[in-house]
Amino acid sequence: MMKVSDYILKALQKEYSINSSTNLDEFNYVENGYVDSLGMIQFIVELEDEFNISFSDEEISSSEFQIVGSLIKMVERKINQ
Amino acid sequence: MKTLADCFYDTAFEHAERIAVCCDDERITYGQLADLVSQYSNFLLENGIVYGDRIGIPMNNSILSVALIFAAANIGVALVPINPTLPFEAMVSAFEAADVKHLIAREHFLSQHDVNNHLNIQGVVISMDAPYKDSYLLQEAHEMSKDRPSNEKISGEEVLIITMTSGSTGKPKPIALTQNNKYRRALAHIRLYGITSQDKVLAATPLYHSLAERLVIIPLLLGGTSVLLPRFTSALWVECVKTNQVTFSIAVSAQLNQIYNYLLQHDDKHIEIQSLRSLVSSSALLDSTIKNKLIPMLNCDFHEMYGTSETSTATSIHFKESMHKKKSVGKPLSGVSLIILDEHENECEPYTIGEIACSTELLCHSYYNMPQTFEESFFKNYFKTGDVGYLDDEGYLYFAGRKKEVIITGGINVYPQDIEECVNRVDAVSESAAFSSPSMRLGEVVGLAIVLKEGRELSEKEVRSHCAKNLADFQQPHEIVFLNDLPKNSMGKLVRSELATRK
């Protein structure tokens, strides 16, 4: 299994690289267009499959889900549960 | 006749110091862009790419991509741009259909796919951004000569872009567009919308679709500025228009829906957009209530259009005309003639619904390697669009739908059969049907109805997982329902329209 942060960063950069100076702990990948309305479902399902976890609707619609740093923590938390 | 590349170099020479392209924080002048196009041209030639070759390119919106389009025109090779997020099987199918010999891609793409064995790239592999195994590195082009390479063989009739009608798992129809096709299409839109060297033209859709390619080419033939938005969200679009003082753009109607909602939600912030001179909505008619509220918000002229990838824009309508011709997609452009055909290919009288057929000087060159399919798409010299509609007695066209069932999500065509073919491969599935479900955000989204084999079980999560692995992002079902049977008529034919109500 790939490291959570590596996997998420690879998935987000399928089309565009994220600038190396970006502070990932605060970076909102939805507002910055790295995953759009069309791509969101695939992004979530692939993430769930990779780490054998699942997200509730509340988690998906939370602001935490859209921030790279907090999404990584959320996934790590779920893996350890 | 001058080629597309000739015209670009002429413009670049005349306006060397002017900004040619803005993308994110990057800016490039005409002089610098012409140098880059020459260097890329020399680099491709130096590495064994020759006149008439076809290069696959998972393309994103960047100055590099723009330079590669003009470099390809300059040396008479064709680009096959694809969506970088396509599932692997669909990429293979697109590259096979276009006989792709070489590949230019980001290191991220190359490291994800086994290029030589599975993508069957026989020629040169070039990495756009970082070293990857034994591929060439595009950055080395900066060491090449800035002199424009010459090739007298280039007439403009060379295929420049091969674009796929659908990024689907089904067999794609590769639409071949020559330099002259692209040039004529750009000129027709310059005339139609009165675009000048003073315009800043925004392309906010992906460059692997012909709309954005056209929006980039137009200003670069005039000495205007091309503004390229890499990733679309309504907030980024508004910010980009304001920062770059964009004056003209063509957007898909689903984007305009989102922009309208964004402006509405942020009404209290008094976001003022003053720079837009004219805006065009494409892909599907914009809801008239939204249209009437959005136009004063954007404070600009507003047009809508109808067209297909094969014919380019066929009709256009100004919003003032559309008040009297509600739901019309407009009258034919100069040089375009439309007829409506019934099922026996007889021409219909006004107000009779039939297939829209279009004769136009903007027609694509061919379907690459599919001459018979292309030939069969014509009635006399009229291209049969596969869309249905009618003309009124003043020649205004009214669009009534697609002959083939298609779901248009965020401006992208999704063919239900592609989704069903994928889902039916799951062992527990007896049959399935994809259908259109209305969405405020995307116009339509994909719904999926599944009938399971007797005694079998399958969870929604398993279906989603299978789709995520095997379909493109725009093909993912947003709603999944399990039914005991699919709605069918007395002939046993699926009645797809009933599915949306049986959820």
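Analyst: Let's start with what "buried" means here: a residue counts as buried if 20 or more other C-beta atoms lie within 10 Å of its own. Keep in mind too that this is a predicted model.

With that cut-off in hand, take strand β3 of chain B, residues 54-58. Five of its five residues are buried, so the strand is largely enclosed by the rest of the structure. Why does a strand have two faces to check? In a regular strand the side chains alternate between the two faces of the sheet. For β3(B), one side carries B:R54, B:G56 and B:P58, the other carries B:I55 and B:I57, and both faces are covered.

The partner to look at is strand β4 of chain B, residues 78-82. β3(B) and β4(B) pair in the parallel sense, over five bridges.

Now for another sheet in chain B. Three strands make an open sheet in the order β25-β26-β27, with mixed pairing. β25 (429-439) and β27 (479-482) of chain B stand at the edges with a single partner strand each, so one side of each has no neighbour in the sheet. On average, neighbouring strands here are turned by 25 degrees against each other, direction ignored. Strand β26 of chain B, residues 443-452, pairs with β27(B) in the parallel sense over four bridges, and B:G447 sits opposite B:E479 in β27(B). Across β25 and β26 of chain B lies helix α14 (residues 416-423) of chain B, which runs at about 145 degrees to β25(B).

Moving on to a pair of helices: α9 (residues 234-244) and α10 (residues 253-265) of chain B have axes that come within 9 Å and cross at roughly 85 degrees. That makes α9(B) roughly perpendicular to α10(B). From α9(B), B:S234, B:A235, B:W237 and B:V238 meet B:Q255, B:Q258, B:I259 and B:Y262 of α10(B). Sorted by class, this contact has five nonpolar, three polar and no charged residues.

Helix α9(B) turns up again where the chains touch. The contact between them takes 22 residues from chain B and 18 residues from chain A. On the chain B side, the elements giving two or more residues are α9 and α15 (460-470), and α15(B) has the largest share, four residues. By class, that side has eight nonpolar, nine polar and five charged residues.

So what is chain A like? Chain A has four helices and zero strands. A compact globule of 81 residues would have a radius of gyration near 12 Å, and chain A agrees, with 12 Å. Its C-alpha trace spans about 30 × 25 × 20 Å along the principal axes, and buried residues make up 25% of chain A. Among contacts in chain A between residues at least 6 apart in sequence, 60% join residues at least 24 apart.

A:T22 has 13 other C-beta atoms within 10 Å, so it is partly exposed. From A:T22 to A:E48 is 26 residues in sequence and 25 Å in space, C-alpha to C-alpha.

Notes: Residues numbered from 1 in each chain as written. Chains lettered and ligands numbered in written order. Predicted model: local features only at pLDDT ≥ 70, side-chain atom pairs only at ≥ 80, totals over all residues. Rg over C-alpha atoms; globule rule 2.2 N^0.38 Å. Buried ≥ 20, exposed ≤ 12 C-beta atoms within 10 Å, placed from the backbone. Contact = placed C-beta atoms within 7 Å. Axes fitted to C-alpha atoms, helices over the stretch in contact; angles between N-to-C directions. Parallel < 35°, antiparallel > 145°, perpendicular 65-115°, else oblique. Nonpolar A, V, L, I, M, F, W, Y, C, P; charged D, E, K, R; others polar. Pairing = 2+ DSSP bridges.
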